[in-house]
Amino acid sequence: MVRALMCLELILNAVNLNFVTFSYFFDSRQLKGDIFSIFGIAIAAAEAAIGSAIVSSIYRNRKSTRINQSTLLNK
């Protein structure tokens, strides 16, 4: 699960990088891409906090953080 959260963080960082890059190349006078990337960073921070809380809760109850062994979220 930790690996999946890290992959999700990398994807969100790539999206933020694309926002800033396309904003610079296509519309350098306005900061729309920069503002979207700030919102993306805030979403990534919230996702990391909630995701790590879920992982620690599952580990505390099941003593395992493997995605294929966890059926807690299916019920």
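The legends below describe several close-up views of a predicted model.

Residues are numbered from 1 along each chain as its sequence is written, and side-chain values rest on heavy atoms, with hydrogens and water left out. Because this is a predicted model, local features need pLDDT of at least 70 and side-chain atom pairs count only at pLDDT 80 or more, while totals for chains, interfaces and linings use all residues.

**View 1. The protein chain as a whole.**
The secondary structure of the protein chain comes to 2 helices and 0 strands, where helices (H or I, at least four residues) and strands (E, at least two) are DSSP runs numbered from the N terminus. Of the 75 residues in the protein chain, 16% are buried; buried means under 20% relative accessible area, exposed means over 50%, and partly exposed lies in between, with a 1.4 Å probe and protein chains only. The accessible surface of the protein chain is about 6100 Å², and 67% of that surface belongs to carbon and sulfur atoms, the areas coming from the Shrake-Rupley method with a 1.4 Å probe, with only the protein chains shown counting as cover for residues.

**View 2. Helices α1 and α2 side by side.**
Helix α1 and helix α2 (residues 32-62) pack with their axes 8 Å apart and at an angle of about 175°, the axes being lines fitted to C-alpha atoms, for helices over the stretch in contact, and the angles running from 0 to 180 degrees between N-to-C directions. That angle makes α1 roughly antiparallel to α2, a label that applies over 145 degrees. Sorted by class, the contact of α1 with α2 has 11 nonpolar, 7 polar and 4 charged residues; here Ala, Val, Leu, Ile, Met, Phe, Trp, Tyr, Cys and Pro count as nonpolar, Asp, Glu, Lys and Arg as charged, and the others, Gly among them, as polar.

Gly51 lies in helix α2 and is buried, with a relative accessible area of 11%. Although Gly51 and Leu5 are 46 residues apart in sequence, their C-alpha atoms are 7.0 Å apart in space. Ala4, found in helix α1, is partly exposed at a relative accessible area of 38%, and the C-alpha atoms of Ala4 and Gly51, 47 residues apart in sequence, are 9.9 Å apart.

**View 3. Aromatic rings in pairs.**
The whole structure holds 3 aromatic pairs, for which rings of Phe, Tyr and Trp (its six-membered ring) must have centres within 6.5 Å, with planes under 30 degrees apart counted as stacked, over 60 as edge-to-face and the rest as tilted. The ring centres of Phe22 and Phe26 are 5.8 Å apart and their planes stand at 20°, so this pair is stacked. Phe22 and Phe26 are 4 residues apart in helix α1 (residues 2-26), and are therefore separated by about one helical turn. Phe22 is partly exposed at 49% relative accessible area, whereas Phe26 is exposed at 67%. Tyr24 and Phe25 form an edge-to-face pair, with 5.4 Å from centre to centre and 70° between the planes, and both Tyr24 and Phe25 are exposed.

**View 4. Ser23 and its contacts.**
Ser23 belongs to helix α1 and counts as buried, with 10% relative accessibility. Leaving aside residues up to four places away in sequence, Ser23 touches Ser28, Gln30, Lys32, Gly33 and Asp34, a contact meaning heavy atoms within 4.5 Å.

Definitions and conventions
Angles under 35 degrees count as roughly parallel, over 145 as roughly antiparallel, 65 to 115 as roughly perpendicular and the rest as oblique.
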